[in-house]
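Let's take a look at this protein together. We'll start with the whole chain and then zoom in on a single residue.

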Amino acid sequence: MLKQPYHIYTERTDPTKNMARFYAMEISQTLFGEPCLTRRWGRIGASGQSMVHHFESEQDAVMLFLEITRHKKARGYRTRSAVSAR
C-alpha cells in the first residue's frame with residue numbers, strides 16, 4: 001500500500017523551436033502490491049512513449065521520481081499550472 005499518491009505532469013514549450021513536449025510520471029502498485037514508476041513522454045497532443053520501472057520498496061521508487069523531477073525542471077519543464085500562468 002502506497003503511503004501517498006505520487007504523480008506529476010510537466011510541459012516544455014518553445015514556439016521559436018517548434019517545441020511542445022510533455023513528461024508525466026506516476027507511482028502506483030502492481031497487482032502483487034509492488035510499487036512501480038510509470039513514465040510517459042512525447043509531443044503534446046500525441047500518445048508518446050512510456051516506460052515502467054518496478055521496485056522492491058516505495059522509497060526506491062520515490063527517490064527515482066524525485067531525481068527525474070529535478071532533472072526535468074532543470075531542463076525547463078514546468079508543471080501544467082505554471083505553464084498556464086505565463
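This is a predicted model: local features need pLDDT of at least 70, side-chain atom pairs count only at pLDDT 80 or more; totals for chains, interfaces and linings use all residues.

Of the 86 residues, 30% are buried.

How many helices and strands does the protein have? There are two helices and five strands. Starting at the N terminus, they come in the order β-β-β-β-α-β-α.

Here are some whole-protein values side by side:

| Property | Value |
|---|---|
| Span of the C-alpha trace along its principal axes | about 45 × 20 × 20 Å |
| Distance between the mean positions of the 14 positive and 8 negative charges | 13 Å |
| Share joining residues at least 24 apart, among contacts between residues at least 6 apart in sequence | 40% |

Now for the close-up. Find Arg39 in strand β3, which covers residues 35-43. Is Arg39 buried or exposed? Arg39 is buried, and yet it has no salt bridge. The nearest side chain of opposite charge is Glu67, and that one sits 8.5 Å away. A salt bridge would need a nitrogen–oxygen distance within 4 Å.

So which side chain does the side chain of Arg39 make a polar contact with? That's His53, at 3.2 Å. His53 also turns up among the contacts Arg39 makes once you set aside its neighbours within four places in sequence.

Terms used: Residues are numbered from 1 along each chain as its sequence is written. Side-chain values use heavy atoms; hydrogens and water are left out. Helices (H or I, at least four residues) and strands (E, at least two) are DSSP runs, numbered from the N terminus. Buried means under 20% relative accessible area, exposed over 50%, partly exposed in between (1.4 Å probe, protein chains only). Lys and Arg count as positive and Asp and Glu as negative; His and the chain ends are not counted. A polar contact is a pair of N or O atoms within 3.5 Å; within protein, one must be able to donate a hydrogen and the other to accept it, and residues adjacent in sequence count only if both atoms are side-chain atoms. Contact means heavy atoms within 4.5 Å. The place of a charge is taken as NZ of Lys, CZ of Arg, CG of Asp or CD of Glu.
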